[in-house]
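Colleague: I would like to learn how to read a few features of this model, beginning with the strands.

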Amino acid sequence: MAHLLSLAPPHPGGATGGPGPIHGLDPRGRVLAAAAFAVVVTGLSSLPVLALAAVAALAMLPLSGLPPGPTLRRMVMMDGFILVMLVLLPFTTPGTPALILPGGLVATREGLRLAAEIALTANAVILMLMVLVGTLDPVRLGHALARLRLPLRLVHLLLFTVRYIEVLRAEYDRTRQAMRARAFRPGSNRHTWVSLGQLVGMMLVRALERSERILQAMKCRGFTGQIPLLDDLSFGAGDRLFGVLFALALGCLIAMEVALVRAA
Amino acid sequence: MSALLELDDIHFGYPGQAPVLAGASLALGPGERIALVGANGTGKSTLLRIALGLIRPARGTIRAFGQPCARETDFQQMRRRVGLVFQDPDDQLFCPTVAEDIAFGPLNLGLSRAEALRRVDAVLEQLALTALRNRVTHHLSGGEKRLVTLATVLVMRPEVLLLDEPTNALDPENEARLLAILQALPQAILLVSHDPAFRARLVQRELHLAEGRLGPHPHPR
């Protein structure tokens, strides 16, 4: 978990990623572009077009100012979640045998194709998401989602998570320190499991009570379910240009897909 | 007289911030009671955590009971003999009931369940807290929580007691009760407290923490 978190900005709400050209674009445009890309790419089925989409996402990486190494490592981490499926698919999909493993396991041509399709789709989409949306700091993302008319509850959930995840982490760290101060050393035994279970349970109880106190304090300041968002989003000429270019690129992907499917 | 706990030339800074400690040194002898005094944010709590190896200093050495402590295994040994009462009782109490929370330390020391529970009952009696034995820690009052955290540490029978703002949020009655308990303890005590009256009645010596270093209190009583 720690290595996943370590890529997060040191201060939640602070800017993420370097000063790439993408940084100046309006967050709403970036969120919409990433969503459109995801919809189009999941609809593609011919492998060359999918590969082109993945290359396009990769080509956007330098524009984002994200460090290539850690970003690609994060993408590979996502692959870990679908790895089992990718390995099993060739052996479970019926079709023409392409490869026979010792022990009688048969990998089919259709299965291999399906696995490649899913791997390309997932990686292209996740990479584009990281480039366009992952470079937004969480607060700006929240503002963009609110302005895109997403349910306010979801936006508040995101903004409160950003605000309080550090508080919770600090509380967890202090309690773990207090446990160590009382000579606790985790091991594979009942005492450890019970103690860690109680730690998690107590964190949940405290978080719940804290949330009630926060709500009470917000009500004292006149909260009625609306948080006024102070943002300075503006959709300018650069954003329009980006939108048009991005839409053209997506159009090209669709046209190639249609042409290839007809030819087949 | 050899010191129970010795900190020498401790340097420490939180990442991205100005250094908190810059050459702090301190020695606590058997039966000695010392108070650390200093403004908010001068690193008093940090120093206590460093003493137990919960955070590591950038520079400086820590000796406990004559043994140098450098690695986690050294500190694991010394934490069995040095108790720390945290500033916020909620950081310390995490088990559902008072008895379970007090038994946590003795179980970590390797005692059997029965022995641990015997010790729990003994310490509850010593602190006159037996009525709280089966209460839910989360529902205790602030004063009760404070006394229970003291019990969770005393039950391990430490030789040194580090107290971080123990009178925080205590009413006068509970404060007097805490003071009486602490005065009767034989342990060496290192106390962090902003309360001059409380310090005056508990400790023999005060050290002032300012600009990352410890020195004699500039305004002795």
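Modeller: Two strands pair if DSSP finds at least two bridges between them, strands being DSSP runs of E of at least two residues and helices runs of H or I of at least four, numbered from the N terminus. This is a predicted model, in which local features need pLDDT of at least 70, side-chain atom pairs count only at pLDDT 80 or more, and totals for chains, interfaces and linings use all residues. Residues are numbered from 1 along each chain as its sequence is written, chains are lettered from A and ligands numbered from 1 in the order in which they are written, and side-chain values use heavy atoms, with hydrogens and water left out.

Colleague: In which sense do S6(B) and S7 of chain B pair?

Modeller: Strand S6 (residues 82–85) and strand S7 (residues 160–164) of chain B pair in the parallel sense, over four bridges, and Val82(B) has Val160(B) as its bridge partner in S7(B).

Colleague: Which way do the residues of S6(B) point, and are they buried or exposed?

Modeller: Buried means under 20% relative accessible area, exposed over 50%, and partly exposed in between, with a 1.4 Å probe and protein chains only. Val82(B) and Leu84(B) point one way, Gly83(B) and Val85(B) point the other way, and all are buried.

Colleague: Which residues of helix H6 of chain A are buried?

Modeller: In H6(A) (residues 138–147), the buried residues are Leu141(A), Gly142(A), His143(A), Ala144(A), Leu145(A) and Ala146(A). Just after H6(A), Arg149(A) takes a positive phi of about 70°.

Colleague: Where is Leu241(A), and is Leu241(A) buried or exposed?

Modeller: Leu241(A) lies in helix H9 (residues 237–263) of chain A and is exposed, with a relative accessible area of 53%.
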